[in-house]
Amino acid sequence: MDSARHGSETPPPAGARDLFDASTDAAAVVSATGVVIGWTRAAEELLGHPAAEVVGGSAGRLLAMPGDPVRTAGIADRCRAGMGWSGHIPLRHRDGHRIDVDLRVSACFRIGSQECFLVSAREQRQQWAVDRSVLDGFLTRSPVGMAVMDLDLRYVWLNDTLERFGGVPREQRLGRRLSELLPGLQAETIEGLMRKVLATGVPVTDYEYVGWSWADPHRQHAYSTSFFPLVDATDTTIGVCYMVLDVTERWNARQLLSLVNDAGTSIGRTLDVMRTAQELADFAVPRFADFVVVDLLEPVLSTEGHGAWLTDAGPASAKPVMRRAGMSSVREGCPEAVAQVGDRVDFVPPPHDVSLIINGDPVLIPVLDPSDEWWMAEEPARARSIREFGLHTLIAVPMRARNTALGLTTFMRSLNPAPFQPDDVLLARELVARAALCVDNARRYTREHTAAVTLQRSLLPQALTGGTALEVASYYLPADPRGGVGGDWFDVIPLSGARVGLVVGDVVGHGITAAAAMGRLRTAVQTLADMELPPADLLAHLDDLVLRLSEETTDESTTAFLGATCLYAVYDPVSRRCTMARAGHPPPVVVAPDGQVSFPEPPAGPPLGLGGVAFESTEIELAENSLFGLYTDGLILGADHDMERGMTRLGEALSQGHGVGGGGGDGAAHAGGGEGGDGAAHAGGGEGGDGAAHAGAEEGGDRAAQAEGGRGCDAGASAGGTGRAGPDVRGLSSGRAAEAGRGRDSGLAGQAGRGRDSGLAGQAGRGQDSGLAGQSEQGLGSGRAAEAGRGQDSGLTAPSGQGPAPDATAPTGQGPAPDATAHPPQDPAPGLTAPTGQGPVPGATAPTGQGPAPDATAHPPQGPAPGLASLCAAAVQRLVPVPQPDDIALLLTRTHALGADHVVSWDVPVDPAAVADVRARATRQVEAWGFEELAMTTELIVSELVTNAIRYAAPPIHLRLLRDSRLTCEVADASSTAPRLRHARSTDEGGRGLFLVAQLAHRWGARYTSGGKIIWAEQEIP
């Protein structure tokens, strides 16, 4: 406390006179009773009183004003509350003069039991003041333009900076309004703001605007302006002052960022090269230019890789070949253009060449002179356009992205009088750079997408046709519609004998890898199908292929083959039988003509690629006009991933779109309920099934008759339509059809419901008990056993004009000779012998003696009917979930039957002498069908194939002719040895038979059956 009482001896620090240095303040400690108990050296310097004169005395005597106890008590309370107090107080110096100080009472504390206050004071110093000359110099040299307006908004005063901004001399401004001097500078708006400031007294700061001025009439400038009112000493508004700052650079930078940002959302919204180029032109007009053209190199617009030339494709020509990809103008229709979008152009601003596009910098021509010799010599058409439309300035910017030259973008102005400046080149470069990146992305995407789509289209069938057997429609939807590729596939494969192979499969995975694997499997299926493999064997070979593919070593960027599912079916329009097998694939869907839906389920083999498990085939019969659909699991999974529900939904969608009906075949009547048919009547529902027996080499019997319909057969017949011939336990002569329960030896196909004990297929409505199968052309009983050695009608049934079944022959007392009974072909055909219990056989009418006219029966359409295609698309659209998780494929077919008037067959005796008769019958049949042009070639083909079968094969031998989209000749035998085509030497006497067949036929081949093989040859129908 001694230091407090006697003052501090510490000298003040250097620079203590600083305005903000509190260490120079005079300080004293005053008790609550007003007694000074502490005094500092600064206090002594301020008031002149040493500590000895002040300490212990009253602080009130230092005041130069009357005491105010109430105010003093209030100050003490504030300090006790910790808030302190400050104010202006006059004090009395020791020499008697008055000193105005800033007094602060900042703390309240105790010394012992005594309450004290810390008081500090600083003398009030005179504020800084300048004379008018200094102030005028400051205002004049300020970079901010300033002006004072009176209440009428007329200029009273302005500095030199504002005079330079506007370009109007001071003498012309004073006494006049802004709107009278600079009408192009938003004068009305600015004066409105000044009136608002005068009216409200509220300043307006940082108002930005763009306008023209006399100082720079060819360029717009941006200004930031602030307004505040001027008041006098009586607080009366006497005018308004405004300050102006040229912010053109800042404005341009902000506009550049804004334009670039807008360009990012306006350019490149699609992955289309042409549209991206047009978006660039549309964006720049009129924001930046009045006329813009975008020219791209031709290879950029090509979908075939790099095309003719890009930067990495070697040296370029003198002038690049480009095409106009986009253009835009402030004038409607772009009349300034000398080329339209899509036209070839080679424009490069003269005197530049192609190097400008490859590695050149942007070209700026502030003043465009069309009379320049370069323009007149190299671009006369464009020079005329420049002159006509007043194009006066130009920027040309090369389009480059990822070190690839893409083209050239040219900006021009005409209506906008401001020429392009170097700053504009920066904006043009940025716009073109962004657009170039989008164009390059679009170019690469287009090229890759085109490659992917081309791959997919090349892997999937381009045109599906089921011939006369099927109407076909398909729908394919990849999981990624943008990429357009997937692992699902389907196919329709024409086979021999008018049969059609149907396949659908699903490779594990999506994208290009799955599509490539799918292509390999599709090719393999087509190859295996051409080998006439049964469905189960085909899948077994395909499974081996997938196993080998999955074992192939791959690099890190390639995915190994994981597996696939597949379903393969073969439909025969002659028998209306469909044989199928599947490998882990969903079963097919069948919609009968009456709308009934079923999902026949072949044994579900394992997916392809597992191996070790055999595949099994299943055979079903399809009524004519049925819908038969193959699909992948993506169609039925749905959002609930319930395949059972998905299959139900698919069946409902197809049944609702499939009209009930569909009728029979080509004019054949069905015998049911005891009524006979027109030709070889069908025994249905178990009626008379014992008499409708047919022998087939595929069924495994030599002449074993097969009885279907639920009744047991005697010797040589199979029970229940199992498709296999039973043993000849009774020793009946081969070729007889044993009637169940009758024991009669009959070589006929009995009429259902009549039970006529006759040796023929009786004609409906005639009821004749005759042992003849209709009257032949020669009036001979074609069903009789022919005389041995004559070779006439031996073992063959001539087509009758009355319509009996062609296999009806009369039994002899001795039993028929080996060649005495005509058997149906190995592939059962309507019009020969109809199996019982299977439903009506469309077209079961025997051909007449002359044969029907070629146009007697209308063929079903080759391509998909509009209704079938619409049904296919509607089913997919109804079932496909959103979002689509998997690839979707649907192959939909409508079945047709090949009528009896399209199929003729004969049994062939194992006698070389029978070749001539068979050849003659085949020739007559072809001519009866109206194909006289094919008669000779058919005669040669039949002769060679039948002769080979008699010489080298095993009986029984059958010949069948089918009239479909092609004319097919088939010779079936019981041998399993395949023929081999060889080229005979000039000295060989034989060996030219199959070579001759191969030369005459469109195609030929062999397929194996359970009873042997079939050699077939097809001819194109003229």
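Visitor: Hi! How many helices and strands are in the chain?
Guide: Hello! The chain of this predicted model has 24 helices and 36 strands.

Visitor: And what share of the residues is buried?
Guide: Buried residues account for 50% of the chain's 1022 residues.

Visitor: What about contacts between residues at least 6 apart in sequence, how many of those join residues at least 24 apart?
Guide: That figure is 64%.

Visitor: Let's look at strands. Which strands pair with strand 21?
Guide: Strand 20 (residues 564-572) pairs with strand 21 in the antiparallel sense, over seven bridges. Strand 25 (residues 618-621) also runs antiparallel to strand 21, and four bridges join them. Strand 24 (residues 604-605) pairs with strand 21 in the parallel sense, over two bridges.

Visitor: What holds paired strands together, in general?
Guide: Backbone hydrogen bonds do that, in either a parallel or an antiparallel arrangement.

Visitor: Which residues are the bridge partners of methionine 580?
Guide: In strand 21, methionine 580 is the bridge partner of alanine 569. Methionine 580 also has threonine 618 in strand 25 as a bridge partner. For the pairing with strand 24, look at alanine 583, whose bridge partner there is glycine 605.

Visitor: What lies between strand 20 and strand 21?
Guide: The two strands form a hairpin with four residues between them. In that turn, arginine 576 has a positive phi of about 60°.

Visitor: Is strand 21 mostly covered or mostly exposed?
Guide: Mostly covered: five of the seven residues in strand 21 (residues 577-583) are buried.

Visitor: New topic! What order do the strands take in the open sheet of five?
Guide: The order is 7-6-10-9-8, with antiparallel pairing. Strand 7 (155-158) and strand 8 (204-213) are the edge strands, and each pairs on one side only. On average, neighbouring strands of this sheet are turned by 25° against each other, direction ignored.

Visitor: How many bridges link strand 9 and strand 10?
Guide: Nine bridges, in the antiparallel sense, link strand 9 (residues 216-231) with strand 10 (residues 237-246). One example is serine 226, whose bridge partner in strand 10 is methionine 243.

Visitor: Which helix lies across those strands?
Guide: Helix 10 (residues 248-266) lies across strand 8, strand 9 and strand 10, and runs at about 115° to strand 9.

Visitor: Okay, helices then. How do helix 11 and helix 16 pack?
Guide: Helix 11 (residues 273-284) and helix 16 (residues 422-459) pack at an angle of about 165°, and their axes are 8 Å apart. Angles over 145 degrees count as roughly antiparallel, so these two helices are roughly antiparallel to each other. Helix 11 makes a right-handed crossing with helix 16.

Visitor: Which residues meet there?
Guide: From helix 11 there are Val273, Thr276, Leu280 and Phe283. Among the residues they meet in helix 16 are Leu431, Ala435 and Arg443. By class, this contact has eight nonpolar, two polar and one charged residues.

Visitor: Last one: is cysteine 116 buried or exposed, and why?
Guide: Cysteine 116 counts as buried because its relative accessibility is 0%. You'll find cysteine 116 in strand 5 (residues 114-123). Leaving out residues up to four places away in sequence, cysteine 116 touches several residues, including Val29, Ile37 and Phe109.

How values were computed:
Residues are numbered from 1 along each chain as its sequence is written. This is a predicted model: local features need pLDDT of at least 70, side-chain atom pairs count only at pLDDT 80 or more; totals for chains, interfaces and linings use all residues. Side-chain values use heavy atoms; hydrogens and water are left out. Axes are lines fitted to C-alpha atoms, for helices over the stretch in contact, and angles run from 0 to 180 degrees between N-to-C directions. Angles under 35 degrees count as roughly parallel, over 145 as roughly antiparallel, 65 to 115 as roughly perpendicular and the rest as oblique. A crossing is left-handed if the near helix is turned anticlockwise from the far one by less than a right angle, and right-handed if clockwise. Contact means heavy atoms within 4.5 Å. Ala, Val, Leu, Ile, Met, Phe, Trp, Tyr, Cys and Pro count as nonpolar, Asp, Glu, Lys and Arg as charged, and the others, Gly among them, as polar. Buried means under 20% relative accessible area, exposed over 50%, partly exposed in between (1.4 Å probe, protein chains only). Two strands pair if DSSP finds at least two bridges between them.
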